[in-house]
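Please read each point with the structure open.

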Amino acid sequence: MDTMTKGIRTIEDIKRLTGPALRTFFRVVNEWKLNRTDQMALLGLTASSTYQKWKADSDGRLTADTLERISYVFGIYKALQILFPDSFIADGWVKRSNTGIPFNGRSPLEHMRRGKVQNLLEVREYLDNHRGS
């Protein structure tokens, strides 16, 4: 589990984190210029109605899985900002093809869209390894 999700012990913790997590998530994916399908994939969502509700009012109760996904997205965003001080380069990185493992010529976004939390973790670890964390 990622840093943000380690402290989750109760339903109240999830409720407390839901609004800020969703608002920040939507700001990050907006900077990355991700479409709705990509955003839903990162959240692990299949229901458009849930996505619409979360986007409209940051309401609802996220699962620990969704909070973990969002936490990895935040870590990826932060690592990119550190590695690439130019926001244009940092924000575009997720869409550019990459020959590194685990991407094998795909973009990091394509890798993350594969649907597993593990895919988000792999992108996070890739960036952490490149920034020496």
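1. Lys-33 is exposed, because its relative accessible area is 65%, where exposed means over 50%, buried under 20% and partly exposed in between (1.4 Å probe, protein chains only). Lys-33 lies in the loop between α2 and α3; helices (H or I, at least four residues) and strands (E, at least two) are DSSP runs numbered from the N terminus. The phi angle of Lys-33 is near 60°, a positive value in a residue other than glycine.

2. On the basis of the note: this is a predicted model, in which local features need pLDDT of at least 70 and side-chain atom pairs count only at pLDDT 80 or more, while totals for chains, interfaces and linings use all residues. Residues are numbered from 1 along each chain as its sequence is written, and side-chain values use heavy atoms, with hydrogens and water left out.

3. Overall composition. The protein has eight helices and zero strands, and its pattern along the sequence is α-α-α-α-α-α-α-α. Of the 133 residues in the protein, 47% are buried. The accessible surface comes to about 7,200 Å², and carbon and sulfur atoms account for 50% of that surface; areas come from the Shrake-Rupley method with a 1.4 Å probe, and for residues only the protein chains shown count as cover. Where contacts join residues at least 6 apart in sequence, 59% of them are between residues at least 24 apart, contact meaning heavy atoms within 4.5 Å.

4. The core. Which residues touch the most other members of the largest nonpolar core? They are Trp-32 and Leu-42, in a core of 37 residues. A nonpolar core is a set of buried Ala, Val, Leu, Ile, Met, Phe, Trp, Tyr and Cys residues joined through side-chain atoms within 4.5 Å. At least two residues of this core come from each of α2 (11–31), α3 (36–43), α4 (48–57), α5 (64–83), α7 (108–112) and α8 (117–130). Leaving aside residues up to four places away in sequence, Trp-32 touches Leu-42, Val-73, Ile-76, Tyr-77, Leu-80, Ala-90, Asp-91, Val-94 and Lys-95.

5. Packing of α3 against α5. Two packed helices are described by the angle between their axes and the distance between the axes. For α3 and α5 the angle is about 115° and the axes are 8 Å apart; axes are lines fitted to C-alpha atoms, for helices over the stretch in contact, and angles run from 0 to 180 degrees between N-to-C directions. From α3, Ala-41, Leu-42 and Leu-43 meet Thr-66, Arg-69, Ile-70 and Val-73 of α5. By class, this contact of α3 with α5 has five nonpolar, one polar and one charged residues. In this classification Ala, Val, Leu, Ile, Met, Phe, Trp, Tyr, Cys and Pro count as nonpolar, Asp, Glu, Lys and Arg as charged, and the others, Gly among them, as polar.

6. Aromatic pairs. A search of the whole structure finds six aromatic pairs. Rings of Phe, Tyr and Trp (its six-membered ring) pair if their centres lie within 6.5 Å; planes under 30 degrees apart count as stacked, over 60 as edge-to-face and the rest as tilted. One of the pairs, Phe-26 with Tyr-51, is edge-to-face, at 5.8 Å centre to centre and 75° between the planes. This pair links distant parts of the chain, with Phe-26 in helix α2 and Tyr-51 in helix α4, 25 residues apart. Phe-26 and Tyr-51 are both buried. Ring pairs also join Phe-25, Phe-26 and Tyr-51 into a cluster.

7. The loop between α6 and α7. Why is the pair of Trp-93 and Phe-103 edge-to-face? The ring centres of Trp-93 and Phe-103 are 6.0 Å apart and the planes stand at 80°, so the pair is edge-to-face. Trp-93 and Phe-103 both lie in the loop between α6 (87–92) and α7, 10 residues apart. Trp-93 counts as buried because its relative accessibility is 9%, and Phe-103 counts as buried at 0%. Pro-102 has its place in this loop, and a cis peptide bond joins Ile-101 and Pro-102, with omega of about 20°. Asn-104 is also found in the loop; its phi is near 50°, a positive value in a residue other than glycine. Asn-104 is exposed, with a relative accessible area of 56%.

8. Two further asparagines. Asn-30 is found in helix α2 and counts as exposed at 56% relative accessibility. Asn-30 and Asp-91 are 61 residues apart in sequence and 9.5 Å apart in space, C-alpha to C-alpha. Asn-129 lies in helix α8 and, at 58% relative accessibility, counts as exposed.
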